[in-house]
Amino acid sequence: MPPKLISPLFPWLIFLTLVFIFLYSSLLPFHSSFSSSRPPSNKIRTFSPCDFFKGRWILDPSRKPMYDETCPFHRNAWNCLRNKRDNMDRINSWKWVPATCDLPRIDPFRFLGMMRNRNIGFVGDSLNENFLASFLCILRVADVGAKKWKKKGAWRGAYFPKFNVTVAYHRAVLLAKYEWQPKDPSVGEQDGLEGIYRVDVDTPADDWAHIADFYDVLIFNSGHWWGSDKFPKEKPLVFYHAGQQIHPPLEMLDGFKVVVENMVSYIRKHLPHKTLKFWRLQSPRHFYGGEWNENGSCLFNDPLEELQLDLWFDPRNNGVNKEARVLNQMIGDTLKGTDIQLLDLTYLSEFRADAHPATWLGRKDAVEIWGQDCMHWCLPGVPDTWVDIVSELIRIGLETG
Ligand SMILES: *[C@@H]1O[C@H](CO)[C@@H](O)[C@H](O)[C@H]1NC(C)=O
Ligand SMILES: *[C@@H]1O[C@H](CO)[C@@H](O)[C@H](O)[C@H]1NC(C)=O
């Protein structure tokens, strides 16, 4: 470089360096408060319930699950420790950090103490059963005498004798009552129709209709069965209202909306106001490269990046996992103005492509028969974070309710 150029440039370089140092050091305090997950004060939380649903996952290698493969409330296909799923340490090292507050981990002793003589019910499909299994294994830490409980039409559950608390799941995949009606053999050929599933949109399924007053907290969900793999066109859903078939016949998604509307109005009319009610939004699926029966897979080592989420889940991108946000929109619209709280666990779960049982299902031929499981969640795993959130919301609900 010719010497004459150095002199005019040099002061500028020094100046720019100083500017840079000044900017950097003035940004530093903000930066360090961002990277700390501690809130300024724990007390604020009680008075302004925090939005637990927006935030990010950060890696915290010191984080450990609260239970292991020996918990008696596991379901085999989700017991990823027993099934020796790869990466389980890392899956359970991610910590969900809400953007504006701290999410405390559930303290099962304190929680069951608070719930003494009260009961919690889950109603819906196997994703709520997945949620329940996590809840039971965590609560059992505080009461190893927990016993299996299957009364009042419950599919499964547990009773915690030290605290006189029951937590159970009622299987009702569509929430509304539905039944198989084979085709009348005297009717001729109709495009391969084998029969119909009659759905009474205004009638709750027997599995939960009569249990409502037993529970102090109820957590509903539905969504994973509303697809043509469960109800193909040879065995379609046909919707009835007040005992009469709805005309013109509803498409599956319109039927979903009408069922949600009717179930919400049933809940509001027939369940005590003091019952804490939640509606859990969709648990996202992570089939990559095809549906479950098209070799779709979820062999990911890490959560997705935020920028990838729309690609996977925005319906406009028409990917294989697009239905969750569509259904959520309908549920959200229907629940506005009701006393049923939205449990919006979708966004935080959308990241976790790494945390499904995938090929580790506990049976050699399982993948061949059912494909990978990129829908349910490994336990311990993501539903443990759902438990942290719902237990906080229950605490807040009981304290302020
Ligand atoms: C246990 O809780 C139920 C309410 O779920 C209550 O009716 C019953 O009296 C309680 N039993 C005892 C021994 O406190
Ligand atoms: C899935 O993979 C198997 C084995 O590689 C292959 O035979 C089959 O055609 C694939 N199915 C689809 C729908 O891609």
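Visitor: Among contacts between residues at least 6 apart in sequence, what share joins residues at least 24 apart?
Guide: Keep in mind that this is a predicted model. Take the contacts in the protein chain between residues at least 6 apart in sequence, then pick out those joining residues at least 24 apart. That share comes to 76%.

Visitor: And what's the chain built from, and how much of it is buried?
Guide: The protein chain has 12 helices and 13 strands. It runs to 401 residues, and the buried ones make up 38%.

Visitor: Is helix α5 largely enclosed or largely open?
Guide: Helix α5 has 14 residues and reaches 20 Å from first C-alpha to last, close to the 20 Å expected at 1.5 Å a residue. A residue is buried if 20 or more other C-beta atoms lie within 10 Å of its own. In α5, 13 of the 14 residues are buried, so the rest of the structure leaves this helix largely enclosed.

Visitor: How do α5 and α12 sit relative to each other?
Guide: Helix α5 covers residues 126-139 and α12 covers 382-400, and their axes are 9 Å apart. They pack at an angle of about 75°, and 65 to 115 degrees counts as roughly perpendicular. The two helices are therefore roughly perpendicular.

Visitor: Which residue class does the contact of α5 with α12 have six of?
Guide: On the α5 side you'll find N130, F131, S134, F135 and I138, and they meet P383, D384, W386 and V387 in α12. Sorted by class, that contact has one charged residue, two polar and six nonpolar.

Visitor: Which way does α7 cross α9, left-handed or right-handed?
Guide: Helix α7 (residues 252-270) packs against α9 (residues 323-335) at about 30°, with axes 10 Å apart. As α7 passes α9, the crossing is right-handed.

Visitor: What residues make that contact, and how many of them are nonpolar?
Guide: From α7 come F256, K257, V260, E261 and V264, while α9 supplies L327, M330, I331, T334 and L335. By class, the contact of α7 with α9 has two charged residues, one polar and seven nonpolar.

Visitor: Where's Y288, and how exposed is it?
Guide: Look in the loop between β12 (276-280) and α8 (309-313) for Y288. Y288 has 17 other C-beta atoms within 10 Å, so it counts as partly exposed.

Definitions and conventions. Residues are numbered from 1 along each chain as its sequence is written. Chains are lettered from A and ligands numbered from 1 in the order in which they are written. This is a predicted model: local features need pLDDT of at least 70, side-chain atom pairs count only at pLDDT 80 or more; totals for chains, interfaces and linings use all residues. Axes are lines fitted to C-alpha atoms, for helices over the stretch in contact, and angles run from 0 to 180 degrees between N-to-C directions. Helices (H or I, at least four residues) and strands (E, at least two) are DSSP runs, numbered from the N terminus. Angles under 35 degrees count as roughly parallel, over 145 as roughly antiparallel, 65 to 115 as roughly perpendicular and the rest as oblique. Two residues are in contact if their C-beta atoms, placed from the backbone, lie within 7 Å. Ala, Val, Leu, Ile, Met, Phe, Trp, Tyr, Cys and Pro count as nonpolar, Asp, Glu, Lys and Arg as charged, and the others, Gly among them, as polar. A residue is buried if 20 or more other C-beta atoms lie within 10 Å of its own, exposed if 12 or fewer, and partly exposed in between; C-beta atoms are placed from the backbone. A crossing is left-handed if the near helix is turned anticlockwise from the far one by less than a right angle, and right-handed if clockwise. The expected span of a helix is 1.5 Å times one less than its number of residues.
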